[in-house]
Amino acid sequence: MQKKFILIIIILTVFIGACQRQEIVSEAGNDLRKTASGLGEKLENPYSLPNMKRAIQLLMSVAPDADFPSVSDLSPTHLYVRFLPADYEEMQVLEQDSTLLYDPVPFGYENSMDLDYYHDPEIPEDKITWLYAFVPHDYSFPDVQYEVLEEIYMPEDGEDELETLAMKMTDNLENEVVNGHQLMSSNLNDRELLGLFSRRFNPSGTIMVQNSFGGSVPLRRAAIYIKTLWWNDVSQTNDNGYYFVNRRYKHTPSVKIWNRNSTNYTTQRWTEHAGFLVSDKLGEGKVFNYTIEHTTGSKRDLWVKATINNAYVIYDDFTRANQIARPDGLRTWVFKSSNYGGAPLLHNRTLRSYSVHYPGIASRNGENFGSLVGKTGIFSLSPIMDLITRATISHGNLPDIVIGTSGKNTSEIYAMVFHEAAHYSHKAKVSNAYWANVQYQAMFDKTNGTYGDGSPAYATYTGVAEAWSYFIEYQLMYQTFPSSTSATIPNIRDGRYNRNMTAYYGDPSTIPGSASDAASFARWIPSGLFRDLMDSDNNALQLRSGTSYSSIVDSGTDRVSGFTYKQLYDLLTPDVTSMTVLRQKIVAQYPPKNTANQVTELFRLYGY
């Protein structure tokens, strides 16, 4: 599995999709064994059926009036099992079971709570390892290899004393002091002391995230993974960062950020990319309050994931409010050694879903896709195209979005998430064939600059896609960081954005923009046009020459306003393959907006 997945990540260092034609540094070489130290000593399971029966018999003699089930009638409530998926498709089967909470680290070992991942040494490293879980006794098993390890009885509410005795008998109790009594030296045959030490609790706490510019905000709607030596659970923080676990526990749990939240699955290590439910430990506590600090080193990984999560929550709120396609199970891969991002949109798709359209795209632009001459955009990919297809054909956990976070602060991460998530929503309205044009430009455009100069035939798709994404990025950044010194340039709190958030909003150039200045900064993309369709600023516009950028060839005023986010989003249908088609569609659908050629003039001032 490791070798195959390294190949996939290497492929994605080349193929990063819609936004940035740049290299992402692979982080696939991390040795799995470095993240999985020894399990430690194996412990006896206090919840096994035989041990629970022994505990009941002892409790009958210590506290005959206590709540406990009959020994003769005791039956398992749960099964402790492990699964061995044969491939990624079978992992998907397990993942899609919302009742199943599996972990690659087995329960009941000295270090079970501390490890994020463990690969069974009896399983070859290129295969998926065992995945451990507790399931109801009547669980309907999927068609995936499994093994029942033990029958389990989970004490009900009111059976706290039974659980305490079972844990005491199997040396599983934590040492604690209650009312001056030390548990490890106390005689639990004493009913009063047994009751004193038998209180269970609901884990809870508040998780905050530091902003890089100072202050902290709640970790919103994030999955929190709770694990003891013998049980696990997942809760979710609310908008105040507070979480509460409904199950009551005896052991103090470890508290971790889970990589699968309601809006997104954000992963950074290759084991996570492969689909394992790897979590990042924050600490331990019955009531656990914690602030994830903006820092360097390994702890920065936690901060990055938390910051990305909060950005997605903001985007999710925005899409809900405006009837735009929401992120749903969106896969995000984080590359901490890169600062570029993209939207390959490959989750539950293969590269073939898009690459089948590449020859036709090349032909329409007068290129020969089978020729190395036709592909100088980011390397000559023709010799490995079949290899890419084979490597990705059955893998369902590839990313929708790639985020490079090297050196990035809070606002820069937010901006990248907003931009790429907008591509995700756009793709929800168009076909794979449509998006293949956007990808083709990102990978194979031979003209100058990140987005080229706008001259190839397929660049018209990129113009629409990027205009929409820059618009949404700008709007959400402006709403999230409202302090501003200009109506068009938000005051980005970290001070790293020294250019207009809409990529030269209000300063368009003609098409194509072949001058290096115009191409390098992608001024041919009408980044401010969607905003001008919505706002009431009546701002002045200057259309500059694409071959001599200092020359102004047209000027005027934005006289269009009143479009809503939903109206603009609804315009992004598969037939809108260029800004020219968009203009025609707006004029046809909204005649009152163009009574004095306001829409036509606005598009003309953007070079369309």
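**Entry 1: terms and ground rules.** I call a residue buried under 20% relative accessible area, exposed over 50%, and partly exposed in between (1.4 Å probe, protein chains only). I am working with a predicted model: local features need pLDDT of at least 70, side-chain atom pairs count only at pLDDT 80 or more, and totals for chains, interfaces and linings use all residues. Residues are numbered from 1 along each chain as its sequence is written, and side-chain values use heavy atoms, with hydrogens and water left out.

**Entry 2: confidence.** I looked up pLDDT, the predictor's confidence in each residue, from 0 to 100. The chain averages 81. A score of at least 70 is reached by 77% of the residues. I then went through the elements; helices (H or I, at least four residues) and strands (E, at least two) are DSSP runs, numbered from the N terminus. Helix α16 (residues 565–570) has the highest mean pLDDT, 98. Helix α10 (residues 385–392) has the lowest, 44.

My reminder: where pLDDT is low, the predicted coordinates should not be read in detail.

**Entry 3: salt bridges.** I searched for a side-chain nitrogen of Lys or Arg within 4 Å of a carboxyl oxygen of Asp or Glu, which defines a salt bridge. The whole structure holds 28 salt bridges. Side chains of opposite charge can pair when their charged atoms come close.

**Entry 4: Arg-220.** Arg-220 lies in the loop between β7 (216–218) and β8 (223–227) and Asp-317 in helix α7 (residues 299–322), so the pair ties together parts 97 residues apart in sequence. Arg-220 is buried, at 18% relative accessible area. Asp-317 is partly exposed, at 27%.

**Entry 5: Arg-221.** I checked Asp-316 and found a salt bridge to Arg-221, with the closest N and O atoms 3.9 Å apart. This pair links helix α7 to the loop between β7 and β8, across 95 residues. Asp-316 is buried, at 1%. Arg-221 is buried as well, at 15%. Arg-221 also forms a salt bridge with Asp-317, at 2.8 Å between the closest N and O atoms. Those two are 96 residues apart.

**Entry 6: the network.** I followed the shared partners. They join Arg-220, Arg-221, Asp-239, Asp-316, Asp-317, Arg-320 and Arg-326 into one network of salt bridges.
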